[in-house]
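Colleague: I would like to go through the labels used for this model and hear what each one rests on.

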Amino acid sequence: MRARIAVLPGDGIGPEVIAEARACLAAVAQRFGHELELTELPFGGAAIDAHRDPLPPATLAACRAADAVLLGAIGGPKWSAPDAALRPESGLLRLRKELGVYANLRPVRVHAALADASTLKPEVLAGVDLVFVRELTGGIYFGEKRRDATSASDLCEYHVEEIERIVRAAARLARERRRALTSIDKANVLETSRLWRAVTTRVMREEFPDVALEHMLVDAAAMHLIHRPRDFDVLVTENMFGDILTDEASMLAGSLGLLPSASLGEGRRGVYEPIHGSAPDIAGRGVANPCGAILSGALLLRHSLGLAREAHALERAVEAALASGARTADLCAGRPGSLGTRAMGEAVLSRLPTPG
Ligand code: IPM
Ligand code: MG
């Protein structure tokens, strides 16, 4: 097949990990006989510097015209002064909103070979396989913001249709898995959460009676996630709770650097990005873990291009590299012998199957 991919490397370690993801996608395309046209575009802080706009019109247009968007990471101290007029993050939020990618899938799987990389006990982690479905284009991230000399507020607003569509996306996913959905809210305090709970209950009863539904308060969920992570299958939640809980959940896998994400809307086009940030502290040193970006490439193949076999091959190559002992510094817990970004990418590449 032929496909066009808009590549937004962004800031900090973004370009470093994206280079490895690109190399892996190119290798997969070559081995399976596909033609992927990858075009790099300015985005985030880099685009503020070059165009005074974190999401320049040409970048947005290229993303709209593409079959999928592959993104590195954005942000950094250079653009995060409290009074900054332009922020890289606002470009990311606008991109998500403009492309209508409201469903953010963040799978967390514990690789057997990495049980020792986590700070949690191996017996708690064995067999963990869960997916967060985070609502991505609503809630407090997008509500009205107000600030005066002595106060500030951020409005959290949700509409019934926004809740219905994210719950449906999560429930469809649960149907392909273990048919268990946990909906996370703060219904004991927040009105938006009470609406969330009511709509979720109705949609599940009417449309997905075959999927078990459990409601959980967000504070309890934060606790259960590290106490008994194996019990979760699909978790659905609003924008900010999902942001916070997925950073927590990444520690189940051992490192934030491992986790990919897919942001999907109604069509096939999606935005794919590792869940980690731009990590300014290690940027430019070639030590970042490229696995989250590479695995985001795998999700891109599966969800936007419909290439399940190719996605699987790439995921297997990452697993094989990890199983062979290949580790970036974030997975070494201070022990020596870690690989740099390039070498880790190479370790994955070399384990891709040859055709035939
Ligand atoms: C994420 C990030 C973003 C978010 C930031 C960079 C705006 O933390 O994708 O999880 O909060 O959504
Ligand atoms: Mg986050």
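**Labels and their grounds**

Modeller: Arg 175 is partly exposed, at a relative accessible area of 32%. Bear in mind that this is a predicted model.

Colleague: Why is Arg 175 called partly exposed?

Modeller: Buried needs a value under 20% and exposed one over 50%. Arg 175 has 32%, so the label in between applies.

Colleague: What makes the contact between Asp 210 and Arg 175 a salt bridge?

Modeller: The cut-off is 4 Å between a side-chain nitrogen of Lys or Arg and a carboxyl oxygen of Asp or Glu. The side chains of Asp 210 and Arg 175 meet at 2.7 Å, N to O, so the pair counts as a salt bridge. Asp 210 sits in the loop between α7 and β9, while Arg 175 belongs to helix α6, 35 residues apart. Asp 210 is also partly exposed, with 31%.

Colleague: Which residue does Glu 164 meet in a salt bridge?

Modeller: Glu 164 pairs with Arg 202 at 2.8 Å, N to O. This pair links helix α6, which holds Glu 164, to helix α7, which holds Arg 202, across 38 residues.

Colleague: How do you know whether Glu 164 is buried or exposed?

Modeller: Its relative accessible area is 15%, and the limit for buried is under 20%, so Glu 164 is buried. Arg 202 has 26% and therefore counts as partly exposed.

Colleague: What are the labels for Arg 197 and Asp 185?

Modeller: Asp 185 has a relative accessible area of 1% and is therefore buried. Arg 197, at 25%, is partly exposed. Their side chains meet in a salt bridge of 2.9 Å, N to O. Arg 197 is in helix α7 and Asp 185 in strand β8, 12 residues apart.

Colleague: How many salt bridges does the structure hold?

Modeller: There are 25. Arg 109, Asp 129, Arg 177, Arg 178 and Asp 233 are linked in a network of them.

Colleague: What lines the largest pocket?

Modeller: The lining has 27 residues, and Leu 105, Leu 173, Leu 299, Arg 302 and His 303 lie nearest the centre. The volume of this pocket is about 750 Å³. Strand β4 gives the most to the lining, five residues.

Colleague: How do the residues of that lining divide by class?

Modeller: They divide into 15 nonpolar, three polar and nine charged. Leu counts as nonpolar and Arg as charged, so Leu 105 falls in the nonpolar class and Arg 302 in the charged one.

Key
Residues numbered from 1 in each chain as written. Chains lettered and ligands numbered in written order. Predicted model: local features only at pLDDT ≥ 70, side-chain atom pairs only at ≥ 80, totals over all residues. Heavy atoms only, no water. 1 Å grid on protein atoms, 1.4 Å probe; cavity = no way out; pocket = protein on both sides within 12 Å on 5 of 7 lines; lining within 4 Å. Points joined across faces, edges and corners; volume = space filled by probe spheres on them. Helix = DSSP H or I, 4+ residues; strand = E, 2+ residues; numbered from the N terminus. Buried < 20%, exposed > 50% of the residue type's maximum accessible area, 1.4 Å probe, protein only.
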